[in-house]
Amino acid sequence: MNLWSRFFRRQRMMDSLDQDIRDFIERETQDNIARGMAPDEAHYAALHKFGNVTRVKEDTREVWTFGWLEQLWRDIRFGLRALVKSPGFTAVAVLTLGLGIGVNSTIFSVVSTMLLRMPPVHDPDRLMVLFSRKLGATGGSEDANRSPVSPPDFLDWRAQATAYSGIAAATSFENDSKVTLSGGSEPERVPNGEVSANYFDVLGVSPVLGRSFLPGEDQPGRDRVALLRADLWNRRFGSDPHVLGRTVKVNGETYTVVGVMPDTFRQLWMFPEQLWIPLAFTPAQLGPAARSQRSLSVYGRLKPVVTDAQARSELDTIARRIAATNPATNKDWGASVLTVQQYAIQESNAGTALAFLMAAVGFVLLIACANLANLLLARNANRQREFAIRVALGAGRLRVACQLLAECLLLGLLGGGLGLLFAAWGLHLLRGAFDWNEWSILISEQLSLDRNVLLFTIAVSAATALLFGLAPAFQISRRDPNASLKESSRSATVGRERHRLQNLLVAGQLALSLVLLVGAGLFVENFIEEMHARPGMNPHHVLTASVALAGAAYKTPARQAEFFESVLRNLEKSSEVESAAVTNNLPYTFPGRAKFLIEGQAPPPAGDQDWRLTFAGYFAVSPDYFRVTQIPVREGREFSRADDANSAPVVIVNEAFARKFFPNQNPLGHYLRLTPDGSPAEAGTTPPPWREIVGVAGDVDEYVGQANWRPQVFVPFRQQPEGAMSLMVRLRSETTTFAASLRQAVWSVDKDQPVTDLRTMDRVVRDSGQGDDIMAELMGAFAAIALVMAAVGIYGLIAYLVGRRTHEVGVRKALGARRREVLWLVLYGSMRMVLAGVGLGFLVSLAMPRLVLASFHDVHISHSSWILAGTPLAVILVALVACYFPARRASRVEPMAALRFE
Amino acid sequence: MSTQNELERIELLQGTLDLLILRTLLLGPAHGHAIAKAIEMRSEDVLQVEQGSLYPALHRLIKRGWISVQEGTSENNRRAKFYRLTARGRRQLTVETGKWEKLAGAIARILLPAEQEGES
């Protein structure tokens with residue numbers, strides 16, 4: 001009989017029991033009358049024969065109980081009543097728990113978003129990501145040697161691999177490409193992807209309108225079709241259902257819209273493409289030399305019967321075959337196959353940072369648990385009599401313990417609920433902070449309290465409740481009821497062992513919070529160092545923006561250079577502008593690289609893959625660049641208007657370059673040959689010119705927190721024009737209002753060119769920290785919470801202990817002890833425990849700097865820093881303050897009042 | 001009279017009462033009071049069932065599904081709850097009877113020699 005039917009059955013049966021019993025007794029009475037008794041006597045005899053009616057009812061009722069379930073329900077109701085009766089305790093407990101669980105849920109939702117989400121494609125477990133992999137490279141794990149796939153390799157893989165029901169390619173999002181969408185309203189730069197015709201089929205995504213690409217549409221000539229994403233469709237076309245068949249201009253070329261893809265779809269849920277066009281390979285991309293142009297992301301859907309391992313070994317074999325037949329481009333190149341989940345976890349470097357954060361909030365939760373355990377122990381001490389009586393009346397010890405646990409579960413659940421509220425607020429704050437690049441903005445949009453987080457919260461609440469409830473419950477069940485009933489607070493030695501447990505808990509709290517504080521201090525130190533060290537340039541009062549020229553008019557370098565010259569002239573006309581420049585890469589953003597060759601120095605041996613010896617950061621800048629950035633040019637000269645396409649090729653190097661490649665000489669007057677990455681010269685046509693080194697500039701970081709200066713080279717942009725440049729404008733005053741004028745300066749040259757990514761240079765610097773500032777803030781916040789909780793815990797414990805000893809203190813004072821002696825007595829007793837905790841924490845924290853250094857690269861912390869020494873002192877100080885107030889109160893106790901205190 | 005009843009009132013094990021109820025109902029449905037009287041009568045008044053203990057036993061049997069309960073009218077036209085044996089109960093009766101006989105036989109075997117020794 002299942003629970004429900006039993007429940008209803010019981011109701012019915014018990015309802016009529018009264019009546020049944022009465023009937024029974026009535027019949028027996030009648031029988032007795034028939035036997036000749038008087039009516040009164042008959043009734044009495046019947047009752048007597050029946051037995052104890054109440055007991056019969058109870059016994060009958062027991063037949064229908066659900067056993068443990070009813071017991072639990074009863075315990076919960078009782079626990080609820082007990083909690084309501086002591087609102088102070090309940091409030092503090094729920095608040096503490098809520099805080100501890102809340103921070104855990106917040107961080108866990110970040111973990112869930114970044115590491116655990118599955119992409120919104122069909123059957124993500126069978127979707128694989130395929131990579132090329134450089135074999136046997138020195139240092140670095142396998143993931144560091146992964147790279148995108150070249151078009152000829154992709155086509156070969158597709159032709160030869162049998163493990164997949166479909167293989168498709170897309171332009172790798174590492175290329176971060178955007179196209180200009182124009183025609184109609186304002187031109188707009190949107191992130192785009194070029195994909196194989198079967199791309200959406202392989203991934204398993206269906207369009208919400210129209211169709212996806214047809215097979216064959218990725219061939220040249222049939223590829224002028226485009227797919228939109230739903231939010232682009234919404235924003236730019238007003239969700240017009242007749243958008244199918246309309247044309248749009250993409251980078252000046254006309255495409256027809258044939259379908260709309262759902263909003264939720266992103267390539268590996270990371271890259272925010274809004275437009276897709278077919279990936280049609282040019283003949284150049286199909287030639288043998290193109291095998292080294294590795295630019296594609298490749299996905300494959302495993303056939304149902306194939307395993308990961310089989311797919312991996314098959315692809316390895318294919319790659320080896322290709323390497324054998326194409327040694328020039330593919331020697332030592334293999335392949336790698338990952339599930340999307342594996343890929344997400346490995347690719348997101350945030351793994352380590354998140355581990356630290358989870359550990360930090362785990363500590364906070366442990367400290368909260370310790371506080372709660374102490375609270376419960378104290379509270380139970382007051383209820384000792386109650387429990388003793390219940391045990392004496394026949395309640396099993398286990399029952400009493402169970403009832404306590406039920407209370408704890410209630411507290412846990414209430415704390416969990418409050419924790420969810422805190423987490424919602426915490427996420428709200430975090431979302432605002434995740435904004436340093438597109439990827440982080442994407443993450444921030446997806447941060448939410450999803451199902452994983454809810455499950456996690458419930459699990460944590462229950463586990464926490466059990467954790468802090470076990471010790472008190474266990475203790476309760478062990479005490480002899482006799483002793484408890486006889487006990488009164490007059491006796492001096494009250495429950496020694498209980499106090500040991502509480503002291504241990506407080507010592508543990510102190511140790512944990514000390515470790516956490518040291519860790520946080522290290523992150524804060526790192527961040528401060530990063531921000532203040534070696535700026536190399538002056539980022540204040542500088543506004544930046546990006547312009548990527550699109551359209552047939554700008555195909556030639558000369559036209560590109562002309563455009564930017566015009567824009568610069570417009571900008572300089574404004575009175576707010578002190579100086580203006582263009583550059584192909586802003587400082588503090590990872591610049592593109594150029595391979596260089598120094599005349600007179602031996603080239604590095606062929607096949608040497610250490611790019612540090614052959615590549616430098618490459619900057620194409622206008623003459624005022626050094627003036628705008630205020631990067632000092634220490635030797636030689638800056639560029640001037642005279643350095644243009646018709647004058648001698650020149651180059652400026654930075655100090656790091658000079659130190660590394662001209663260690664004891666002056667680099668001025670030497671010659672360099674440069675081949676920027678991705679330029680046509682790389683394919684081996686006309687060699688680039690020899691450039692004379694005319695100046696040495698100061699070093700600037702490529703990102704905040706860089707450990708070593710990297711070599712950089714600067715060329716005048718008129719000698720090497722590019723279509724996508726960043727504008728930098730140094731303003732005489734605050735930057736905020738100039739944005740519109742900046743756009744105007746560009747649009748008065750050509751109104752069809754979008755101006756994107758308007759940021760102040762300060763913001764660029766901050767963004768390049770990739771969230772280091774948030775890490776420091778979060779760790780700091782958690783450490784502070786931990787310390788406050790620990791302090792509250794100590795204060796509570798000491799206050800409680802002192803309260804228990806009030807009688808004893810009264811006696812002492814009556815016998816002549818002075819205030820200071822009592823103060824000292826209490827303080828001494830508590831300081832022992834504090835020192836023990838701090839000592840333990842200190843020992844553990846000694847390992848922290850090493851741990852942080854090993855986990856992150858480019859960290860600016862020192863081994864024997866003042867943090868290690870100072871934090872324990874700070875914690876001792878806080879503990880002393882927390883102990884002082886209760887101790888002072890004890891010392892002020894009136895002997896007479898204390899002696900009467902019961 | 002009450003003292004005599006108390007002396008002779010033999011305590012019944014829980015399970016045994018269940019068995020007796022089942023057997024009584026084999027003859028047909030009956031209401032609670034009738035069952036109690038039947039047991040007393042059949043045992044020739046040796047077994048004076050504390051009548052109250054009938055109710056927990058009846059509910060236990062209902063919960064196990066061995067008997068079912070129904071409203072009905074009794075012999076003197078009064079409403080009463082009638083209990084009847086279910087098919088499962090019928091089967092269970094055979095099982096329980098078998099167990100009881102085994103138990104009784106075993107106890108008898110142990111007791112018998114002592115009696116003989118006592119006699120001789």
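**The core and its surroundings**

Author: Gladly! In chain A, residues 24 or more positions apart account for 83% of the contacts with a separation of 6 or more, a contact being two residues whose C-beta atoms, placed from the backbone, lie within 7 Å. Before the details, please note that this is a predicted model, in which local features need pLDDT of at least 70 and side-chain atom pairs count only at pLDDT 80 or more, while totals for chains, interfaces and linings use all residues. Residues are numbered from 1 along each chain as its sequence is written, and chains are lettered from A and ligands numbered from 1 in the order in which they are written.

Chain A contains 30 helices and 23 strands; these are DSSP runs, numbered from the N terminus, with helices (H or I) of at least four residues and strands (E) of at least two. Of its 902 residues, 40% count as buried. A residue is buried if 20 or more other C-beta atoms lie within 10 Å of its own, exposed if 12 or fewer, and partly exposed in between, with C-beta atoms placed from the backbone.

Now to the interior. In soluble globular proteins, nonpolar side chains tend to be buried together. A nonpolar core here is a set of buried Ala, Val, Leu, Ile, Met, Phe, Trp, Tyr and Cys residues joined through C-beta atoms within 7 Å. The largest such core has 95 residues, and the members that touch the most others are A:Val364, A:Ile367, A:Leu510, A:Leu516, A:Phe782 and A:Ala786. Helices that each supply at least two residues of this core include H5 (87–116), H13 (350–382), H19 (496–532) and H25 (772–804) of chain A. H13(A) is the biggest giver, with 19 residues. Domain 2 (67–118 + 349–487) and domain 4 (497–534 + 769–902) of chain A both contribute residues, so the core lies between them; the domain bounds come from an automatic or database domain assignment.

Let me zoom in on one member. Leaving out residues up to four places away in sequence, A:Phe782 touches A:Val103, A:Ala360, A:Val361, A:Val364, A:Leu516 and A:Ala520.

In strand E7 (residues 225–229) of chain A, five of the five residues are buried. A:Val225, A:Leu227 and A:Arg229 point one way from E7(A), while A:Ala226 and A:Leu228 point the other way. In a regular strand the side chains alternate between the two faces of the sheet. E7(A) pairs with strand E9 (residues 253–261) of chain A in the parallel sense over five bridges, where pairing requires that DSSP finds at least two bridges between two strands. A:Val225 has A:Thr256 as its bridge partner in E9(A).

A:His541, in the loop between H19 and strand E13 (542–548) of chain A, has a positive phi of about 65 degrees although it is not a glycine. A:Tyr588, in the loop between strand E14 (577–583) and strand E15 (593–598) of chain A, also has a positive phi of about 65 degrees without being a glycine. A:His541 counts as partly exposed because 18 other C-beta atoms lie within 10 Å, whereas A:Tyr588 counts as buried because it has 23.

Finally, the partner chain. Chain B has five helices and three strands, and of its 120 residues 30% count as buried. The contact between the chains takes 13 residues from chain B and 16 residues from chain A. On the side of chain B, helix H3 (32–42), helix H4 (54–64) and strand E3 (79–85) each supply at least two residues, and H4(B) gives the most, with five. By class, this side of chain B has three nonpolar, six polar and four charged residues, where Ala, Val, Leu, Ile, Met, Phe, Trp, Tyr, Cys and Pro count as nonpolar, Asp, Glu, Lys and Arg as charged, and the others, Gly among them, as polar.
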